[in-house]
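Open the structure in your viewer and keep the selection tool ready. We will go stop by stop.

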Amino acid sequence: PGVEPSGEGGLLGVAVSPSFGRDRLVYLYFSTGTDNRIARFRYTADGIGPLDTVLTGIPRAAIHNGGRLAFGPDGMLYATTGEHAEPDISQDRDSLGGKILRMTPDGRPAPGNPFGTLVWTYGHRNVQGMAWDADGRMYATELGQDRFDEINQIQKGRNYGWPVVEGADHDGRYTDPRLTWPTEEASPSGAAIAAGSLWVAALRGERLWQVPLDRTGAVGTPTAHFTGEFG
């Protein structure tokens with residue numbers, strides 16, 4: 001109820017509570033007619049219960065709505081938001097757009113957040129994948145505009161540069177990506193870590209990228225699988 005799909009908006013993300021066996025909670029990220037929001041429901045033998053709103057007011061537009069949800073190893077809920085084609089809001093720490101948000105399961109700013117708000121990192125264009133390795137390091141996939149798509153290692157309070165930088169600038173003002181691709185080879189979407197690699201679905205690139213990770217979290221040379229078979 002309340003979902004209004006249009007453009008890149010709609011029912012976008014789902015995450016199961018890490019304590020589902022006890023609380024039976026499932027979280028959703030979705031677009032309404034006026035915003036993107038996060039809600040949750042209880043899933044029991046009786047089916048899907050009523051929606052309980054967790055967070056409202058995430059900017060929405062025809063494009064760049066973000067929408068990924070995931071619980072981190074710290075038990076906090078992370079959400080990715082897009083800058084809905086208004087790039088400057090990515091640098092505005094008072095806006096929820098163009099960010100990775102970190103919150104408690106009931107939608108409050110998580111303890112230890114860098115600015116005392118929901119914002120964990122900023123300067124993002126449109127993050128579509130999140131994953132953590134066995135040591136708790138966080139990675140995210142990000143759609144660039146015309147030149148570079150990115151894999152970033154996400155660290156508390158960092159500024160990832162959009163719209164000032166697409167890709168890397170190496171001058172220290174912004175956090176450079178760990179890896180970039182030309183946009184025609186990627187347009188990265190979902191991400192997962194398994195068997196010592198970060199696996200990234202590529203939309204425009206129509207392939208599955210395997211990115212090796214070493215013990216320090218550094219990325220190796222990526223390998224493409226299923227090129228042209230899917231997507």
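What follows is a short tour of selections, each with a note on what is there.

**Before you start.** This is a predicted model, in which local features need pLDDT of at least 70, side-chain atom pairs count only at pLDDT 80 or more, and totals for chains, interfaces and linings use all residues. Residues are numbered from 1 along each chain as its sequence is written, and side-chain values use heavy atoms, with hydrogens and water left out.

**Stop 1: the largest pocket.** Select Glu8, Leu12, Ile63, His64, Asn65, Gly66, Asn126, Gln128, Leu143 and Leu203. They line the largest pocket. A pocket is an open set of points on a 1 Å grid over the protein atoms alone, where a 1.4 Å probe fits, with protein on both sides within 12 Å along at least five of seven lines; lining residues have an atom within 4 Å of a point. The volume is about 170 Å³. Here, volume means the space filled by probe spheres set on the points, which are joined across faces, edges and corners. The lining has four nonpolar residues, five polar and one charged. In this sorting, Ala, Val, Leu, Ile, Met, Phe, Trp, Tyr, Cys and Pro are nonpolar, Asp, Glu, Lys and Arg are charged, and the others, Gly among them, are polar.

**Stop 2: His64.** Stay on this lining residue. His64 sits in the loop between strand E5 (52-58) and strand E6 (69-71). Strands (E, at least two residues) are DSSP runs, numbered from the N terminus. The phi of His64 is positive, about 60 degrees, although His64 is not a glycine. Is His64 buried or exposed? It counts as buried because its relative accessibility is 9%. Buried means under 20% relative accessible area, exposed over 50%, and partly exposed in between (1.4 Å probe, protein chains only).

**Stop 3: Glu206.** Now select the loop between strand E15 (197-202) and strand E16 (207-212), where Glu206 is found. Glu206 is not a glycine, yet has a positive phi of about 50 degrees. Glu206 counts as partly exposed, at 32% relative accessibility.

**Stop 4: Glu150.** Go to strand E12 (residues 148-154), which holds Glu150. Next, show the backbone nitrogen of Gly167, which lies 2.9 Å from a polar atom of the Glu150 side chain.

**Stop 5: Pro163.** The peptide bond from Trp162 to Pro163 is cis, with omega near 5 degrees.

How values were computed
Helices (H or I, at least four residues) and strands (E, at least two) are DSSP runs, numbered from the N terminus. A polar contact is a pair of N or O atoms within 3.5 Å; within protein, one must be able to donate a hydrogen and the other to accept it, and residues adjacent in sequence count only if both atoms are side-chain atoms.
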